[in-house]
Amino acid sequence: MSGNIEDGLAQADEHNFTRPIPKSAQARVKFLLKTEKNSVKAVAQRLGISPRTVERYLKGQIKTPRPELARRLESEVRKSWQPLVRKRARAKAAKTTGLVVETRARFGFTAAPGTTDDGRMRRITQHLPPEYASRLFAAQEAGATEAELRHITAQGLQDVYFRDQGSRAPGLLVDFTDIDYIDFDF
């Protein structure tokens with residue numbers, strides 16, 4: 001679990017995969033080569049290794065990558081794995097189902113005088129409607145910063161959880177900080 005919204009969305013994407021990622025280093029490199037339109041140079045740049053090393057993985061001359069390279073290789077494959085499955089799941093969440101946010105974070109408030117605004121740690125699991133899923137995905141694809149993604153998530157929790165869709169606490173503004181972990185599901 002991570003306190004990073006970008007990582008949480010990536011993990012949620014992986015829950016929708018229909019097949020596991022390739023296991024061997026050779027199969028992973030072959031997959032990356034396919035996604036990079038057979039450009040050994042592009043795969044090498046993506047992994048931070050030489051083109052010759054990529055060729056040696058493809059031929060099976062190297063079977064076990066160094067731990068750092070193994071992590072990078074797995075990460076790069078996960079980023080590109082099953083793009084159509086990922087796209088369909090995100091489109092469904094953005095149009096019909098929405099997404100579920102589970103987090104443990106510090107929530108503070110700006111509200112009417114006489115109320116406490118001291119932040120405190122809360123564990124919240126809340127379904128957010130499709131409009132927030134759509135905003136979150138669009139911002140992520142546009143290259144939004146972690147702070148911008150956190151703001152969109154905070155707005156969703158503010159409106160749905162704390163304001164109960166506008167039926168209580170008008171004017172309440174939520175401050176969403178110190179994320180211990182955040183998970184998404186869609």
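Author: The largest pocket holds about 430 Å³ of space. A pocket here is an open set of points on a 1 Å grid over the protein atoms alone, where a 1.4 Å probe fits and protein lies on both sides within 12 Å along at least five of seven lines. Its volume is the space filled by probe spheres set on the points, which are joined across faces, edges and corners. This is a predicted model, so local features need pLDDT of at least 70 and side-chain atom pairs need 80 or more, while totals for chains, interfaces and linings use all residues. Residues are numbered from 1 along each chain as its sequence is written, and side-chain values use heavy atoms, without hydrogens or water.

Start with the lining. It has 17 residues, each with an atom within 4 Å of a point. A10, D13, R78, K79 and R86 lie nearest the pocket centre. Helices α1, α5 (67-80) and α6 each supply at least two lining residues. α1 gives the most, with six. Helices are DSSP runs of H or I with at least four residues, strands are E runs of at least two, and both are numbered from the N terminus.

Now follow α6. R90 is found in this helix. R90 counts as buried, at 10% relative accessibility. Buried means under 20% relative accessible area, exposed over 50%, and partly exposed in between, with a 1.4 Å probe and protein chains only. Leaving out residues up to four places away in sequence, R90 touches L9, D13, F137, Q140, E141 and F186. Contact means heavy atoms within 4.5 Å. D13 is also one of the residues nearest the pocket centre.

Q82 lies in the loop between α5 and α6. Its phi is near 45°, a positive value in a residue other than glycine. Q82 counts as buried, at 9% relative accessibility.

Next, the cores. A nonpolar core is a set of buried Ala, Val, Leu, Ile, Met, Phe, Trp, Tyr and Cys residues joined through side-chain atoms within 4.5 Å. The largest has 31 residues, and L99, F107, F176 and F184 have the most contacts inside it. The elements giving it two or more residues include α1 (5-14) and α6 (83-97). α8 gives the most, with six residues. A second, separate core of 20 residues includes L32, A44, L58 and W81.

In α3, V40, V43, A44 and L47 are buried. They fall within an arc of 100° seen down the axis, so they line one face of the helix. The arc is that of the directions from the helix axis to the C-beta atoms. K41 and Q45 are exposed on the other side of α3. The buried residues of α3 pack against α2, α4 and α5.

In α4 (residues 51-59), V54, Y57 and L58 are buried. These cover an arc of only 100° around the axis, which puts them on the same side of α4. They pack against α2 (25-35), α3 (40-47) and α5. Just after α4, G60 takes a positive phi of about 85°.
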